[in-house]
Amino acid sequence: MKYRLLFLSVNLLFAPTLVFGACSVANLTRCLDSVCAINIGANPAARCQYCGTNSAGEPSKSGIMKSISAGVSSKYIVSDKELKSAPTSAGERYAWGTRLCLEKLPDCTTDDVDNNYDKLIEQSCRAAGISAEMVNLAKKANTTKTQTTCATEIESCMVDEKHCSANYKNCKSDSDFNNYFSQCSVASNGCESYLSNIKNTLASFRANSFANAEKLLKNIVSAYQSNREQKLSVAQSGCKRNKATNDCINRVCENNMRNKCANENEKSAARELCKFHDTACERLK
């Protein structure tokens, strides 16, 4: 049997010192109810059946199917269109719904889900005859993935353009990084035991990304500055004792004058062609 309730170990990761804003528990509950509490008025076990455990049985289909969130602003609920993509497994549906609701309510975290909605599912499970002890045992048995698999899944999620992106440009603040990690860890079922190590590794990747970007920028600026200084030094050296002008005249005489400047006319023409060196040197003084 499979049960949901994935998130208790995530509580240890997102300590009380991390504050994302004021979470509206009412809106969070309405959002999760739109996924987990269909027809709850006629079926008190709905939350357990939809988002608790498959062992609670199939949700009742009798009567009119009605969401407890009917009439609530669509901004805070999962739409009927979105629900068509909901997983059939209760545990996966809860994780899927939590991810969507955290996206709709960015001030809320998995802590808020754990502290407020888990107990509603437990109450619903008791109504369905499923004890909290059985749920806890199922949670412990549900961790089946390896750390490598979990790290790959969560990292792929984090570097998505909708989250941090490959160079972590969307996670410059700690709050954004923690919020996206919360969403990605919720989406990866069975990874609770590895989340602390994975988060530390990704935080290191993020820090290195920022450090390398800053280093690269400094290197580019330094290279341009060095190139400008080198060109200036060469130009100033050429202005000493009219070296650049004389070298220019010699090249023109050798390459462009029929008599190699043997007469005054060709010499005069060569000096005129190289006069721009004199102008440039005047500006460099």
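1. Cys23 and Cys108 are both buried, where buried means under 20% relative accessible area, exposed over 50% and partly exposed in between, with a 1.4 Å probe and protein chains only. The two residues form a disulfide whose sulfur atoms are 1.9 Å apart; a disulfide is here a pair of cysteine sulfur atoms within 2.5 Å. The torsion about the S-S bond of Cys23 and Cys108 is about 90°, so this disulfide is right-handed. The pair connects distant parts of the chain, 85 residues apart: Cys23 sits in the loop between helix 1 (10–13) and helix 2 (25–36), and Cys108 in the loop between helix 5 (90–104) and helix 6 (110–116). Helices (H or I, at least four residues) and strands (E, at least two) are DSSP runs, numbered from the N terminus.

2. The model is predicted: local features need pLDDT of at least 70 and side-chain atom pairs count only at pLDDT 80 or more, while totals for chains, interfaces and linings use all residues. Residues are numbered from 1 along each chain as its sequence is written, and side-chain values use heavy atoms, with hydrogens and water left out.

3. The structure holds nine disulfides in total. Another of them joins Cys48 and Cys125, with sulfur atoms 2.2 Å apart. The torsion about the S-S bond of Cys48 and Cys125 is about 95°, so the disulfide is right-handed. This pair also links distant parts of the chain, with Cys48 in helix 3 (residues 46–51) and Cys125 in helix 7 (residues 118–127), 77 residues apart. Both Cys48 and Cys125 are buried.

4. Which hand does the disulfide of Cys253 and Cys261 have? The torsion about its S-S bond is about -85°, so the disulfide is left-handed. The S to S distance between Cys253 and Cys261 is 1.9 Å, and each of these cysteines is buried.

5. Two packed helices are described by the angle between their axes and the distance between the axes. For helix 2 and helix 5, the angle is about 145° and the axes are 9 Å apart; axes are lines fitted to C-alpha atoms, for helices over the stretch in contact, and angles run from 0 to 180 degrees between N-to-C directions. From helix 2, the contact (heavy atoms within 4.5 Å) draws on Leu28, Cys31, Leu32, Val35 and Cys36, and from helix 5 on Arg93, Tyr94, Trp96, Gly97, Thr98, Cys101 and Lys104. These residues divide into eight nonpolar, two polar and two charged, with Ala, Val, Leu, Ile, Met, Phe, Trp, Tyr, Cys and Pro counted as nonpolar, Asp, Glu, Lys and Arg as charged, and the others, Gly among them, as polar.

6. At the level of the fold, the protein chain has 14 helices and zero strands. Buried residues account for 40% of its 285 residues. Of the contacts with a separation of 6 or more, 71% come from residues 24 or more positions apart.

7. Two backbone torsions deserve mention. Asn39 is not a glycine, yet has a positive phi of about 60°; Asn39 lies in the loop between helix 2 and helix 3 and is buried, with a relative accessible area of 5%. Tyr168, likewise not a glycine, has a positive phi of about 60°. Tyr168 is located in the loop between helix 9 (147–158) and helix 10 (174–187) and is buried, with a relative accessible area of 3%.
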